[in-house]
Every structure is written in structure tokens, then in C-alpha cells.
Protein chains: 4
Amino acid sequence: MSHLTYQTAGESHGPALVALVSGMPAGVDVDVDFINGELSRRQGGYGRGARQRIETDRVEVLSGVRRGRSIGSPILLKVANKDSRLDDLAKTPPVHTPRPGHADMAGSVKYLTTDCRETLERASARETAARVAAGALARCMLRAVGIETFGFVRAILDATWAGEVAEGSWRSLVAERDASEVYCPDGASGAATERMCAIIRQAKIDKDTVGGLVEAHVFGCPPGLGSTMNWFDRLDARLAGAVMGIQAFKAVEIGLGKECAFRPGSKVHDPIAFDPSRSGTASLGFVRSSNNAGGTEGGMTNGAPVVVRGTMKPIATLLQGMPSVDLNTKQAATSAYERSDICAVSAASVVMENVVAFEIARAVREKFGGDSMVEVEAQYRRYLELARGLPLDRG
Amino acid sequence: MSHLTYQTAGESHGPALVALVSGMPAGVDVDVDFINGELSRRQGGYGRGARQRIETDRVEVLSGVRRGRSIGSPILLKVANKDSRLDDLAKTPPVHTPRPGHADMAGSVKYLTTDCRETLERASARETAARVAAGALARCMLRAVGIETFGFVRAILDATWAGEVAEGSWRSLVAERDASEVYCPDGASGAATERMCAIIRQAKIDKDTVGGLVEAHVFGCPPGLGSTMNWFDRLDARLAGAVMGIQAFKAVEIGLGKECAFRPGSKVHDPIAFDPSRSGTASLGFVRSSNNAGGTEGGMTNGAPVVVRGTMKPIATLLQGMPSVDLNTKQAATSAYERSDICAVSAASVVMENVVAFEIARAVREKFGGDSMVEVEAQYRRYLELARGLPLDRG
Amino acid sequence: MSHLTYQTAGESHGPALVALVSGMPAGVDVDVDFINGELSRRQGGYGRGARQRIETDRVEVLSGVRRGRSIGSPILLKVANKDSRLDDLAKTPPVHTPRPGHADMAGSVKYLTTDCRETLERASARETAARVAAGALARCMLRAVGIETFGFVRAILDATWAGEVAEGSWRSLVAERDASEVYCPDGASGAATERMCAIIRQAKIDKDTVGGLVEAHVFGCPPGLGSTMNWFDRLDARLAGAVMGIQAFKAVEIGLGKECAFRPGSKVHDPIAFDPSRSGTASLGFVRSSNNAGGTEGGMTNGAPVVVRGTMKPIATLLQGMPSVDLNTKQAATSAYERSDICAVSAASVVMENVVAFEIARAVREKFGGDSMVEVEAQYRRYLELARGLPLDRG
Amino acid sequence: MSHLTYQTAGESHGPALVALVSGMPAGVDVDVDFINGELSRRQGGYGRGARQRIETDRVEVLSGVRRGRSIGSPILLKVANKDSRLDDLAKTPPVHTPRPGHADMAGSVKYLTTDCRETLERASARETAARVAAGALARCMLRAVGIETFGFVRAILDATWAGEVAEGSWRSLVAERDASEVYCPDGASGAATERMCAIIRQAKIDKDTVGGLVEAHVFGCPPGLGSTMNWFDRLDARLAGAVMGIQAFKAVEIGLGKECAFRPGSKVHDPIAFDPSRSGTASLGFVRSSNNAGGTEGGMTNGAPVVVRGTMKPIATLLQGMPSVDLNTKQAATSAYERSDICAVSAASVVMENVVAFEIARAVREKFGGDSMVEVEAQYRRYLELARGLPLDRG
């Protein structure tokens, strides 16, 4: 294999967003409908702006797939922009007053320009469409080794859903999440969803914006994905990098996360037990009465669900504007308003879920090698068999 | 230049820990005393175990430096282990009962062994000595462009220091931190330090362990370090990956961090102003009345101090043991006790500060290129001049 | 900056070939006509097959460029395939008999298939259209620092052009090359071109194919591009990797190349002299009476033109067929004929020139850093000034 | 796994040369005697200078190995320098007159110094001791999957050994090579060795130096190592980069190499046949009547031996000196003489063999994944079984 990687390109109002995924094995059933479904989910959620009504994101596969299956070559996923006007100065005029919280000021200085447009077009979160496409593609591969993900909104401002997401019950939450206007799986009551929507409505009235907490859970990982041997190969390090690399994210937690600081070790670490009835699963029968670790120990999966939580700050583009400076004159000015969302936390939950999935897929590729799914699946099964047979005769 | 990178090697009870730093420019004054000082600080802090009394970490420079100055080639930093006994089965016997919270179980499965020793020797946080050495070396380079860092302990369990760390006042805090048994710059009162020490004492009595919060602040970064163009080049993504990659870290925050979820945008984003009297500094005169962003916007520095906060979970090795399983028999057993610390949050503050510094140095190298400090400094100055002259005639 | 890299995607009969170029500074004038000109040149040359009459390669820029100038973000270059039919089994049927010399056999085993089509579509040299586009884009950047390239055909089979290509005279050769049906700059006489064409004509009659030697010369590099510090950062190593990575290349030489084995040191190494009248050029006045080193010493440019020579083997698809095996039956069979060229050495000269240019551009980015051409050019000039001022006061 | 990589550090007269190898699976029997044997061979060969009498290179393993076996963590190999004096200005004085053909001039300009010492210490081929150690370590891993290498001297100046090296007979050549003063396996006659030695003797008299051709053959590779999917993942590209990255190499060829330019396709490509009696070997029974491709097609191994040829130029340090320039005064001067060899082609054959082996090992790691040799070997065998069973039911 070549290593599983992805890179994106594209501007918010350029012709297209693209993701180039390299290192996918041959023989993956590329489920374009599924990818498009995730793109649609990314466009949804209560509180989104006008842009989402203009675009209907659909992926076009320009390479790497033949008759619905990957052939081992790089896969180019393209999402065309309907609202393409980057070269038209009248329609995408220069912006000289940077928005606090956005890339505008730092980017303009970095590129030695006073037109924030030059940076903001790439810095825009519209780029996450390409990341979602890449992650959703990775999930087509993960299916074959029984790994699935579930992402949702945990909190918007002070409205928090306190429900649990467990290995045995998460599937029933998918429909609940999908029924929620804000992607919060709060089910029949819908109480959390209702509070979140109310917060967003109020923010709109206030010409303000709101952020929140999103979570992704990954089920079916065997112990041993990731590595403890190099800091940059640790799965937790990669997850943190990938999640913090999403536009507007300011915190990443794994498992109990920040709360780990506030409990003694005896209340944090998850006791290990062995349940022979579950030794046939990917967990190999190693079970935990809690999952405070969020499924990673020493930078590797431990067989429990991987749990990642991200904090999205409020959108930086406020209808009320923010105090800023004109970069040409250095005089005080109110920041420009680019068409934007009031709250994009729902979309962020989709982005994070797919970004997390990609990192898991990368770790799967590294663990099992192989160039085709036939080989990957054989090696996955062989690893579990060997692990179940421990101690090895020669081990 | 080649890219600035580092890699570590070495086991807890092997002959040595090493860091291989590649891409350092020629002409850096390598301050070995400073590096050793950071190594000593890493060994300190109230609550550490017996190992720190055995070792006196000192760095040996095996390559890349001539007569005290770097020559542009890879720099190998070696920290010898006095307690070297990896090959001696009597002194480092097999461990068959994994400690919850440590790499033991996941690593043993991954490597198809039932001897947790094979993984734990590398997974041990003793490896952070090498990371501290690499980061401290990077700081020797950063000095030349006026960038400095300050790391400290913010909280241990529920004892929190609520003080502020500001650009104008942080220098006075260094001595206060250094006077604190737990590296908390709480100054004359010492109230926070006292509570933290009490918590550690109690944890020892309880045969338990405690974690906490650590912070690193970076001063003197000009706007434009890092990048918004690729997710993996974003400075915040790299910082998060580097910090989460430290042993036992479970959360990373930048600036206001998780709190961003709980405030509206108008209370999060930092208004931009221009103060001509400060245009001669690295900030170019762009000043903020708050620094909730923690110095990064759009994945780039914005001229304000970079603020990173990490959560360290409690040490996974508890004197009281934890419920676990014998990997050979699959029977319940209490986890083994390897000599360990009650609390290593102070050490973690040193590790994080230096790890953060390395990522900043990496971004500096990428921004300014060059092969020698003469060239790096010239290019740094030229960039600031050009930025001050905006708008450029051709810009 | 992010590092300057490129990656390609696309199959021979898929929808498109693409190149994703990351790390280009902002402010490069992207000369689409020039890129298209190189794509046209790649399609030309005596001895090409029917495919080149079907396609008229034109680049479409999907990202990273606004109003004709790069903005620092990843640049996606797309070349659409007119002959797109990868999913149509009737038009791109399975191939079960691998062609000796092609990727067919090794690729089919690797991907555990007996349909060579799955590999050959990506392995096809049509992919070089994307590489040419990436390299030609890089040359738009190189122009700004005075670096230019010249690629041509040196030999086809036993017809060799013995002319010299020197810094002072190469410009006059461009028109001669462009006037030659095989891209050999043999000028008025056209004797070499005539012999090469005759060889190709005869090969066609013989249902055979022919290869040859191609050269790329790079002018205007200052001393010090590349690095001697890591083997993988050496410019000669990168050039060799990039050139050997072109389809059908089996040898790479720098400067005198293989001939270095057959001369004593005193007849190989290029005496160094200093000519003050040339100190204003990129060579800084360091002149050589010969250029056997081909412009690199110790993995770095030395101020003399960089000279790279590649050997292209004959095309692996012979009209006469070759002895092979049916992968399904393991019985002897004659290899399949896919529409192909008799000789593609002319095209290969275009590919190699652009591939070499990209590696030079990569080294330029590493040496000078910077995010915009304003900054890159300032740092380039500053480096030359500092170098001219050696010894530095502090050096 | 983490990816298999290596990096070296160390100066010619610094304390040590080191190689840091990352990504080696656990369970490799690390044969230190074998590694030391290769280090000794690197020091030998007729025509070497005084340095080789000072040093007795022995590897010290500082990490990654426990009781003779790798444990999956980074392995640091250290070769101490007896002649360590880098910091002593009297013993390693500044050098102001660069040697043509060496890194001296380019490196001094790059690093803005007039003391060539600063660059030449790292640029020196003494660094190849670390590369040999890394490659020899990789061969300890390759043994377990039946892959072996054989490197030797093909020519020194115009003395060429014309013998063949075939899969069935190469083992008998090992002793012949080892009996030759110049590592040329010319056996009983010793005619080529004798001529080579005579050439070296004459060069010494002439105060000159000589280069030559070296070859490495790799046996036992199954089809499908490497990749055709990305140019930078192609095995031939990586081999070329690694070999050209060796000090003083100016050409790399695979298989027939440059000669491919001078033969028609029908005389170049290797007919494919299937021999059921050999289907149990790594070749899977795919046999060739010739091996002009040198074992790679489309950037992947094809089951035939991999054959790489490198050209080493004559040593750049001539006892007679070469015309050069004093970098401080810019006046003409004769280049300085650093203690050096007359001919190091024998050593280069050892370096290239081990460097080639490392790239093969890297491709093995990528193809089979896995974290321990138990897993790697299981996956290797499973791949061959699957390949032998082609066409797969689902394929």
C-alpha cells in the first residue's frame, strides 16, 4: 500500500472543493449515495445560513474507482460549487476589515496583502465538505472490518444532552439524531433539541452566534490500532490534530477528557475484565466497566469504543459586527459581514465524525497493510485469531 | 533547510533516551546548561517517585554541534539512563497483568505478547526526557527571533490557581513558578501551591494518584506562523497533536478552549485594534483587549500570545492496584505496581512547554526558510518590515 | 509555507487526470497558456499513436488561483480525458495476458486480480500529463527567481545528437528543438532528427518500439539549493527519484553520469575559479571550466547548470506482441495490444524537464521559505547579497 | 506499524555516527555480529586511506532491542568515532579552499561561511557507516521472509568483471567476492580483481583517484512490492533516490539500465512464462528467460531478482590537489588535502547493498503491515497463498 492520506483543495467561491485520497485499498465498494448523504447532513442543522440553500453538494468521483469499486489508485472526490465567482471582483469584492476570530487578519499579514478575501476564501469552513467526503469514503472501507462511527451534538451553549451512548444501544440513537433539527439524539422528549433551537433563535435575534460540543464514537475497533512508539503515530495525537484542525475548533477531548484533571486515578482508570462470551468480537473479550479512557490507552485503541469530543467556538461572522481595523488605513472599523450561519454545530458534528473516521481508517491501513480488501480482511481476521491464541508458543 | 522535525528513541530502563532533531539552522547557540536545566525541572515537582532520585538527567550532544553552535546537520541529544537493566530478566521481569489506563493491555495485544514489559518500557513517560531536550534546543533557536515560552501548573485536582499570565507581566511569574514545589506561579501567598501539595500528600496516603491542568504561553510570535491552507499545516492542529501525544494527556485546549462552547460569539471573539506605539513589536501593533483565541486564528498566529492548556490524567500506576486480568490465564488479578509517581503534573508542565515550543519553532522554520541563523534572522526582519509597509505597492 | 509537493490522480480512460500542487506561494502569475503549451508538447513527437489525435490536453484550474494569480492555497490542475470509458466493460474490456515490461503482471498479483486492466489504467503513461502540468506550474514560480529549464532528446536508439548545451547558448536551441519532429535541437542540418525519425519508421515496420536518452538542463540556480544533511533531502537523490519514477525510465544520470566510472578524478572534477565580472549572477562568480558534476556537489547546486539525463526504455506495448501467459489459465499466450506509441521519447523529454523543474522549485521553497512571491523574492535577493558579502563579520 | 524509515546523524570527526530506525516490527532477531560484519566490510577494500586503520566500527544498540530481539520501538544504532576531535580547532582547523567535486563550495555558500569544515564534516562519506548499520538491520528482518541481497564491484575505471549473477548461482559468488581485495566475485582467476588493484596502485602513484560501478542484487522478492499508484511510492523511484543519495554517486540504473536506450523493445522486454514447478517460491512460478527489467515493472517487483547498478565518481580529494579558490580572498588556490582514499568503490558496494536492502524492507513493511514478525510472516504467507489461488472467486 501507499499510506492512507488525504488532502483537500478548493475555495469557498471557487469552482469546486476536492479531496484527494491516496492509499485506499482496491476492492472497496464506494457507496456514493452514502457519501452524498453525509454531504447533505453537513449542509443541514438548524441555524444555517443562505449558502446551504444555494448548494446541493454531490460528490463526483474523478479517479480511482471503476464500476463502483476502488482499484487502489488515488481517489479524487469533487464537490462543485454552484456559487462560483472567485474571479469576479464585483461579486467577490476585496475585504479590508478583518473579522475577529477568523483567519482574516493573520492571513492577510502572512500573505502580505490587505485584501482579506485572498485568505478567507480558503479558510472558510466550506472546505469541510471535502473532508466529509474523504471521511465518508474511508467509512466505506471501515465497514468491511466492522468499524462504525456515530457523531452527534452534545451541547449548544448551555443546553446539554446528558444521555449515554453505549456499544449496545447506539444504533437506536441514529434515527433519533437524524430526527433532531440539531443532530442531538435526545429521542422522544426532544427536550435538548428544543432548548438548543431556542438558543439559536435567540442568537439570531441578538445578531450573535453560538458554538457547542460535538462527539464522535467509534465502535468495533480491535485493540492495537495506533501506536505508542512515536508520538506522531499515537492515535490520540492524530485524532487531536485532525479535530483541532477543523475550522473553529478550540478544544479536543478523548473519553472523560478535561474531567480527568478533577478525579483521582482510582476514579478514572477503567478496570479490565475478561468476558469469554465476547472473545469472538473485536474486543477479544477484554471488557471494561467504564470507558473513561475513551477507548485509547498509550496512544492505541484498547477494544472499547473510541470517544472524541470537540469544542466548536461560535461562528466568527456576526451580523452585529465586531470592533476591528481597516487594514489599509489602520483606522477603527466594524468587521465586514460575509453571509454566514448563526450556528454550525450540527454541521461540525458531521465533519468531526468523518474526520475521526478517516484517522481510524488510517490506523487500520497501517496495522493490516495489504493492497486489496481481500488481503486487508484476511489480515484483520488473522490478527484477531493470533491475539485470541495468546500466549503464542514462540511469544 | 530540511524541515524541522524530531524523533525520539529509548526505553525507560534501556541504556539511554535520545532525541534526533533535524532541520535546525546553522549558527544556533546551543545552550547545554539551559537544556539541562529543563531536564532537571522535568525531574522535579512534589509527588515524584524514587526514579527521579536515581537519575540526574544530563544531555550529551552526539552530533550537529561544533564548538557550541549548530552547523545545520541533525542534532542527536542523548540522556543516559543510570537505571539501565532492560536485558536483565531478573531486574526487569515479565509483567502479565496490565495496568488500567496504561499502554500495557493494548500494547501486548498489538505486539502479540503477554509480557506487558515489551510495550511499557517504551510507553513509559520517561521518554519525555527526550522531548524536553528537543524542545529546549528549539528554544535556543527561538530566542534569536524574540520568542519565549512559559509553562506552569494551573490545577491539580480541584486546587486551581486563578491568576492571569499576560504579555507585560509574565516574566515576574517565572521566579514564582520556580519557587513553587509544584510549578504553580502563585507567588507570595503560595496558597494554591499549598493546596496542591496537600492533595498530593492525601493521594499518597490513599495509595491513589492525581492529575491536573498545565498551561504553556508563547510570547513574541508575529502574525502568520502556521497555515490555514492545509488542515495538517494548521498551527492549532499541530499543537493539539503534539500535546495530546504526551503520555497521559486526555484534553487539549487553545485559549478559552472548552469554555468557547458556553459563550456567545460576541463574548468570545477578540476585538482587533491598532496601536501605532506597538507597531515596532512582533505584533505589528495589532492589539486585542482579550485573548480568548489563545493567539491563533484560522490555524495561524495572530500576534497575541499563544496559549495552550493540557489535561493530564492521574498516573495509571496506583499503589493500591486496580482490577485487571492475567493475560496468560485470563483470570482476574490486581494490576502490578511498577515504581511510579503520585503526581507528575509539574513534570508535565515542563514537557508541554517544550513540546509546544518545538511546534512554534517548526512554524518559524517554515515561514522564514534559510539555512543559517544569519539568514533566518534577516528573513524574519524583512517579513516584519514588509508587513509594516502594507499595503504594498503591488499587493 | 507548507512544503511544496504534488500528487497526481487519474486513469488513462477515466474522466480526468489531475495534479494537486500544495505549497505554492501566493502571487505566482499562473500562465495557463504556458502550461497548455507544455501539455501540447507532451502530446507531440514523431512516433506517437492514435490517442494523441483524440485528446487535446488543456488544463483547468479548479482551485488556488484567483484572477490569474496563486493565493497560497492548494492548486488543483485538471486535464479532462475525451476518451473516458473506464466503467464501460465493452469499451475497456478485461485484459488477462500481461505485457512484458509493463505493470500488468506485477500489478495484477499485487491487487489479487487477473484483470490487468485494473492496474494498467493507472500505470499508463497518460498520467504524465498531470506531472507536466504540475511542473509547468512550478516553472511559473521559478521564472521570478530567474531559473529556467531546457529539455530535449539526446538519442533514440543509436542515433545520438552530440551537440553541447551551454549557459550562454541554450536559448538559441529552443527554437531548434521546437522545429525538430523529435525535439532534438540539431538545428539547420537536422541530421540527428532525420536519423531518429528513420529509426522510428523502421521500428513501425518491424512492429517494434524504441527508447532513448533525454536531458534536462536547469539554468540560473544559485549555489546551495538542496541539502547535504539528510540523504533524502539531497537534491541529486530527489532528482533521481523523480526521474526514475517516470514510467519506463530505467536509468538516471547527473552530469557526466555513468562516464564518471571510467575517468580518473583529475579528469572528472570541475576546477573552481572566481570571475568577479559574473559575481552579480546567481552563480556569485564561481565559474567552472567544465560541468562534469552536472551542477550538483554534495547534494546541493553549485551554481553551474543542473544537468540530468534519463534513459527511457522502449514502449512495452509491441504490435508484434510478446510471449506471455494467460493469468487465468496459466497457459502461454501472446501479450495483448493496447493502442500505443512506437516511440515516446520526445514526450518523455517534456515530462522529464517538467518533473526536474518541480524538484528545483521544491528546493527553492525550502531554501527561501516565505508565503508570497514578494517575500520569496526578497529572501532570494537577501541570500545572494549575504553570500556575496562573505566572509560575514560574525561568520 | 509506524512506517519503516531511517535517519542518520553524526559528523566525520564528531563523537559518533548514528542511525535511527523507526517502524521495525517486534520480534526481529537483531544479529549484531552480522551488522558489525557489514561495518567491517565497509571499512575494507584495496585503496582505502589511513582513517580505516584508526577506526574499528562496531555498532552499539541504544534502544529498541531487548535481549537480542526488537520490541517494535525505534532502534538507535551508534557507531563511535575513535578519531573524534570536531571541537578542537587545532586538530580540525578551518578549510578555506573548497575541493572541486566535494560539498565544500556549495555548502559554504549555503551556510554563509567561508570555513568548508562546517559542511564537509557532515558531507563526508564516513556517514555511510550509519547507513550500512541501518540496512544491515533491515536485512535481519528480510531474512524472515526469505529475501537476501548480494552487492559487489562490477568495474573500477576500465577494468570490468563480465560475469553473471543468477538466482541459482549467486551464493557461490559470496565467498569469491569476500576473497577479492576489491569485492569483485571473479573467482579462481582473479583476473578482474588483479586489474582493478593495478589501476588503484597506478592512481596512487599519479596522486589521482578512481571510481567505478557497483551492483546490488536482491533475491526472493515476491511480485507486488512497491507501487505504481504514486510516483513517490514506486520502488524504482525510491531505489534511485536512495542510491543517488549516497555520497559520490552520479548514476543509477535498474536492470539493463542505460543500455535500454540502445535496443529495440523486442530485445528489451522479458518474456513471461509460467513454470508450475516453481509456483511454491516467492516468484509464484512466473519465470523470465531474461531479466533486463532488473526485477521491477511499473514500479513494483515482478518476482525476478531486483538488480540495481550505481556509478561512483572518483573520490574528490586528490593528493595532487585541484585548481580552486580561497573563499576569503577569492584568489586562486590549490584545494586542500584531507586524509582520504584513492578508491572507495569496494566500500560503496557495501553501502549500496545495504541501502537497497533498506528500501526493499520498507516495501515489505508497506505490503504486509503488522507489528510483530509473527504477524508479518503470517501475512506474507497469506498473500502468497491468495496469489497462488488466482483467480479468486470474488476477484
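View 1. Two salt bridges are counted between chain B and chain A (a side-chain nitrogen of Lys or Arg within 4 Å of a carboxyl oxygen of Asp or Glu). A:Lys258 pairs with B:Glu253 in a salt bridge, with the closest N and O atoms 3.0 Å apart. The interface of chain B and chain A also holds 35 residue pairs in polar contact, both at pLDDT 80 or more. A polar contact is a pair of N or O atoms within 3.5 Å; within protein, one must be able to donate a hydrogen and the other to accept it, and residues adjacent in sequence count only if both atoms are side-chain atoms.

This is a predicted model: local features need pLDDT of at least 70, side-chain atom pairs count only at pLDDT 80 or more, and totals for chains, interfaces and linings use all residues. Residues are numbered from 1 along each chain as its sequence is written, chains are lettered from A and ligands numbered from 1 in the order in which they are written, and side-chain values use heavy atoms, leaving out hydrogens and water.

**View 2. Chain B meets chain A.** Here 105 residues of chain B are in contact with 106 residues of chain A (heavy atoms within 4.5 Å). The two chains bury about 8600 Å² between them, 67% of it on carbon and sulfur atoms. Buried area is the accessible area (1.4 Å probe) that two parts lose on being put together, summed over both. B:Trp231, B:Lys250 and B:His269 lose the most area in chain B to chain A, together 10% of what that side buries.

**View 3. Chain A meets chain C.** The contact takes 41 residues from chain A and 40 from chain C. About 3500 Å² is buried, and carbon and sulfur atoms give 54% of that area. A:Leu62, A:Arg66 and A:Tyr111 supply 20% of the area that chain A buries against chain C. Six salt bridges cross this interface. In a salt bridge, A:Arg66 meets C:Glu118 at 2.8 Å, N to O.

**View 4. A:Ser372 lies in a loop.** The loop runs between helix 9 (345-368) and helix 10 (373-388) of chain A. Helices are DSSP runs (H or I, at least four residues), numbered from the N terminus. A:Ser372 is buried, at 4% relative accessible area. Buried means under 20% relative accessible area (1.4 Å probe, protein chains only). Beyond its neighbours within four places in sequence, A:Ser372 is in contact with A:Pro25, A:Ala26, C:Tyr111 and C:Leu112.

Methods: Helices (H or I, at least four residues) and strands (E, at least two) are DSSP runs, numbered from the N terminus. Buried means under 20% relative accessible area, exposed over 50%, partly exposed in between (1.4 Å probe, protein chains only).
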